[in-house]
Amino acid sequence: MPQVKIIAKNFMDMVAALPALKLDKLYDNTFICEAVLRSLPPLAKKYVLQLLYIDEPVTAKSMEDWVLTDGVSKHRVAIDRLIQLRVFLEITDRKKETSYRVNPKFQGNLQNYIAHGGVLPRESMSSSITVRLPTAEELDSYALEQWESFLLQLISSGQAEKKTSFSPSMMTIFQKGLLSLREKEAPKLTESGFQFLLMDTNAQLWYIIREYIINSEVRGVDSADLISFLLELSFHATGQAYNMNTLNPTQRSAIKDLADLGLIKLQQGRKEDWFIPTKLATNLSVSLSDSSSRKQGFVVVETNFRLYAYSASKLHCEILRLFARVEYQLPNLIVGAITKESLYTAFENGITSEQASFKLFLVFETVYLQIISFLQQNAHPRVCDRAAPAVPENVTDQIRLWESDLNRVEATPANFYEEFPSKDVFEGACDYARDNGGLLWEDSKRMRLVVKAEIHTLMRDYLHRQK
């Protein structure tokens, strides 16, 4: 059986990471089956449709014969994904030969959908009840305003001018890991929070949705039920109104939280309340890291380190302040400069206290790459049209050099161990040092070990006991 490690990078990775019982429960819903089918790689979709009306298992060997030699890697990726999502169930016979068959629940729902068509999760409301709905432009503007309000609250939560409408549970979930909340101190961005603000908007949204799902159990909500509802939203039409009375209590709570982020707009009528999905909600079943929906860039960086941002957004201004000196802001233009001092502040914010000490033999990922990536992703279209790099090479080189000034090695008192009597003793010593938080470096091939000086006495006693 393929050993597939699942790392949640998009919505379907979260679905694949669910326990088998919860995943099978999801497949009771026809819309979930269709959403999963949509997300599959092209070759995986082909396999599902080929086996959809076959009730007997098909051997792995015969399926390998379906592809040419140059398609073997794509075949393996497709099979692994189908197994992760339990669309394919793996069967091993007495001769240890592997076969696959389509998950019966998934198969039955898709067969029924193809034969009879699907029924929408809920019907949109009549225009006679809702009267005037927001236009597509108004809905996009609303979503952007809500999202920027959330990020501004995250950046300056300690100095917020007024309280926002975000629920305490939402802020607690999102601030976890992004803000340092210490007693008698104003909230401060952590390393993860700094990196989060430099991410592409779609990547930020996926991070938030992932954390919201992960923390659902703490709020007494079944993660499978929440995922099922979020996937259902992808089948709703953007800009259409849907009655709130069709939602159960769990879904009502989720709708209010999603409205805080701009995925849903809530409206009230005289007798009925309704919700209106935005583009972000209807695209939830697609990978949120898809860059095709990225907003148009707005930043111009010159060779003299001057920075011009053609934006009226307060959020853009605050993000630029994280690594640049903002000199003045006009109604639609932010003018600043990338300086050594401003970058030092960014590097300090992007490095944890443990990383800042930079112990011997330890390395960490540079903040330099995050800043350059942000400037490139948000480069103004006129800059992108030029043959030259979006960010001048002398600027990128200088940023890297300024960061390297801070990444100097500091000596840490340590002890070096070698000539272990056996491999078992060496591995035991490594485990002992690791358990006591003192392991700095190990060379398993030559059986050499470096540990912090502060645990030398413990290590010496441990090694004496091994004799």
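Me: Is strand β8 mostly buried or mostly exposed?
Reply: Keep in mind that this is a predicted model. Strand β8 covers residues 273-277, and four of those five residues are buried. The strand is therefore largely enclosed by the rest of the structure, which makes β8 largely buried.

Me: Is Gln 251 buried or exposed?
Reply: Gln 251 belongs to helix α14, which spans residues 249-261. Skipping residues up to four places away in sequence, Gln 251 touches Arg 122, Phe 229 and Thr 246. Its relative accessible area is 13%, and the cut-off for buried is under 20%, so Gln 251 is buried.

Me: Are α3 and α7 roughly parallel or roughly perpendicular?
Reply: Helix α3 takes in residues 30-39 and helix α7 residues 104-116, and their axes come within 9 Å. The axes cross at roughly 95°. Angles of 65 to 115 degrees count as roughly perpendicular, so that's what α3 and α7 are: roughly perpendicular.

Me: How many residues in the contact of α3 with α7 are nonpolar?
Reply: On the α3 side you have Thr 30, Cys 33, Glu 34, Val 36 and Leu 37, while α7 brings Phe 106, Asn 109, Leu 110 and Tyr 113. Two of the contact residues are polar and one is charged. The nonpolar ones number six.

Me: How many residues are in the largest nonpolar core?
Reply: In soluble globular proteins, nonpolar side chains tend to be buried together. Here, the members touching the most others are Phe 88, Phe 106, Leu 307, Phe 323, Ile 338 and Leu 375. The total for this core is 110.

Me: Which serine is Phe 323 in contact with, leaving aside neighbours within four places in sequence?
Reply: Phe 323 is among the core residues that touch the most other members. Away from its sequence neighbours, its contacts include Leu 198, Leu 307, Leu 343, Ala 346, Ile 371, Phe 374 and Leu 375. The list also has a serine, Ser 342.

Notes
Residues are numbered from 1 along each chain as its sequence is written. This is a predicted model: local features need pLDDT of at least 70, side-chain atom pairs count only at pLDDT 80 or more; totals for chains, interfaces and linings use all residues. Side-chain values use heavy atoms; hydrogens and water are left out. A nonpolar core is a set of buried Ala, Val, Leu, Ile, Met, Phe, Trp, Tyr and Cys residues joined through side-chain atoms within 4.5 Å. Buried means under 20% relative accessible area, exposed over 50%, partly exposed in between (1.4 Å probe, protein chains only). Contact means heavy atoms within 4.5 Å. Helices (H or I, at least four residues) and strands (E, at least two) are DSSP runs, numbered from the N terminus. Axes are lines fitted to C-alpha atoms, for helices over the stretch in contact, and angles run from 0 to 180 degrees between N-to-C directions. Angles under 35 degrees count as roughly parallel, over 145 as roughly antiparallel, 65 to 115 as roughly perpendicular and the rest as oblique. Ala, Val, Leu, Ile, Met, Phe, Trp, Tyr, Cys and Pro count as nonpolar, Asp, Glu, Lys and Arg as charged, and the others, Gly among them, as polar.
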